[in-house]
Amino acid sequence: MILEDTSTDHLDMVTIRQQFPILSRTVKGRPLVYLDNAATTQKPQTVIDAISQYYTGYNANIHRGIHTLAEEATAAYEASRTSVQEFIGASSSEEIIFTRGTTEGINLVAYTWGRANIVAGDEIIISEMEHHSNIVPWQILCEERNAVLKVIPVMDNGELSMPAYLDLLTSNTKLVAVTHVSNALGTINPVENIIRAAHQAGALVLIDGAQSAVHLDINVQDMDCDFFAFSGHKLYGPTGIGVLYGKKDILNHMPVFQGGGEMIKEVAFEHTTYNELPYKYEAGTPNIADAIALKAAIDFITIHGRDHIRQHETALLNYATEQLEAVPGLTIIGNAGEKAGVVSFIIKGLHPQDIGILLDNQGIAVRTGHHCTQPLMKRFGIPGTVRASFAVYNTMGEIDVLVAGLHKAIKMLS
Ligand code: PLP
């Protein structure tokens, strides 16, 4: 059933699914149907192998050693940085800082650029659909500096109100920090327009790319964002590794973040000087294995083709939307004109968590709750949603399993 009608014009689903060992397991006696990809994606064998090859073949600390293992590890780590640079269209690998993930990237900007530039009366604009990771760091900064946090409202269809955004921009706006794709609604925001307007007002822009890096073609130079943060684990890579892109000129003028090894040029008790980019922001021994494996994840995406993956995910999204809309009592939350592979919904009279548990009993993994977007849930007047989110290895057959599972859950809960 899962592998019926599997292949699109360009992707052979049998071959793709075989690359993800976890997909062959069962849950509660049923084949796993994994639809929680916006939380984290599964990993192809090449990513798993890259981690184990590092530890079995050339485990060593990087940059400081002159022995063979250290040189091999350093070369692989830096090759991954170059691969990220090409993947997001940055002009230089110096603009690619390895972090733990999106959250750390955003906090890095808040603690360095933010503390150096935000003063009382300044304004930071975020949106009502932000993940808590792109709310709380700015809230802390604004409280500390007596600055003002402004919020772009979300319209009933799940799109940002662009007229409201333009009204919020003033000569006091110093930063606009918005998500590229909403993890809770799937909305793709018009980031180019948002960035252009912010720049005209003299503000910098940080784009939270946690959900977009895996679904959309990213070119930070065309987009012209000042910062772009994303996480490896949401694009078939490991947990614990992410990327902060920043324009070189801006990064060069920002104060350092954490102090320690690697980020220094020379240390003396009287005065310490700091390393060049990107090492200035990579204090201490980094997550070498997972940074190296991130390249394997990027290779996986580029080998199969971003366009082909997007085409497949759009087909899944359209089919899921159509099938779910026909389920009695079900309302989709978020009907933006442009969406990535996320469908969030509620069912009249049923709690999302109860639905999630009954789906899990049938081997179907979805996410339920507020999705770390509590203000957005409040805006829609709901405690949470059930969210199905798609990846390259999902099939139309799996959507049929989800819909059948929902019918069963509704019967049991009614
Ligand atoms: N921003 C968005 C839109 C997200 O979906 C997430 C994770 O779900 C994050 C930020 C935080 O990512 P991480 O937990 O990998 O740092």
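A cavity, in the sense used here, is a set of grid points over the protein atoms alone where a 1.4 Å probe fits but cannot get out, and its lining residues are those with an atom within 4 Å of a point. In this predicted model, the largest cavity is lined by N37, A38, T41, Q211, V214, H215, K234, Y236, E313, F390 and A391. About 50 Å³ of space lies inside the largest cavity, and the count of cavities of 30 Å³ or more comes to 1. By residue class, the lining of the largest cavity divides into 5 nonpolar, 4 polar and 2 charged residues.

About 390 Å³ of space lies in the largest pocket. Of the 23 residues that line the largest pocket, those closest to its centre are A39, H131, S133, H233 and K234. Two elements, α4 (102-117) and β16 (367-369), each give two or more residues to this lining, and the largest share, 3 residues, comes from α4. The lining of the largest pocket comprises 5 nonpolar, 12 polar and 6 charged residues. K234 belongs to the lining of the largest cavity and is also among the residues closest to the centre of the largest pocket.

Several side chains of the shell can be followed to individual ligand atoms. A polar side-chain atom of D208 lies 2.5 Å from a nitrogen atom of the ligand, while an N or O atom in the side chain of K234 is 2.6 Å from a ligand oxygen atom. For H131, a polar side-chain atom lies 3.4 Å from an oxygen atom of the ligand, a distance that counts as a polar contact because the cut-off for a pair of N or O atoms is 3.5 Å. Taken alone, the ligand exposes 390 Å², and the protein buries 84% of that area.

The peptide bond from L277 to P278 is cis, with omega near -5°, and P278 lies in the loop that runs between β12 (272-274) and α10 (288-304). N146, although it is not a glycine, has a positive phi of about 60°, and the place of N146 is in the loop between α5 (136-145) and β6 (148-152).

Terms used:
Residues are numbered from 1 along each chain as its sequence is written. This is a predicted model: local features need pLDDT of at least 70, side-chain atom pairs count only at pLDDT 80 or more; totals for chains, interfaces and linings use all residues. Side-chain values use heavy atoms; hydrogens and water are left out. A polar contact is a pair of N or O atoms within 3.5 Å; within protein, one must be able to donate a hydrogen and the other to accept it, and residues adjacent in sequence count only if both atoms are side-chain atoms. Accessible areas come from the Shrake-Rupley method with a 1.4 Å probe; for residues, only the protein chains shown count as cover. On a 1 Å grid over the protein atoms alone, a cavity is a set of points where a 1.4 Å probe fits but cannot get out, and a pocket is an open set with protein on both sides within 12 Å along at least five of seven lines; lining residues have an atom within 4 Å of a point. Grid points are joined across faces, edges and corners, and a volume is the space filled by probe spheres set on the points. Helices (H or I, at least four residues) and strands (E, at least two) are DSSP runs, numbered from the N terminus. Ala, Val, Leu, Ile, Met, Phe, Trp, Tyr, Cys and Pro count as nonpolar, Asp, Glu, Lys and Arg as charged, and the others, Gly among them, as polar.
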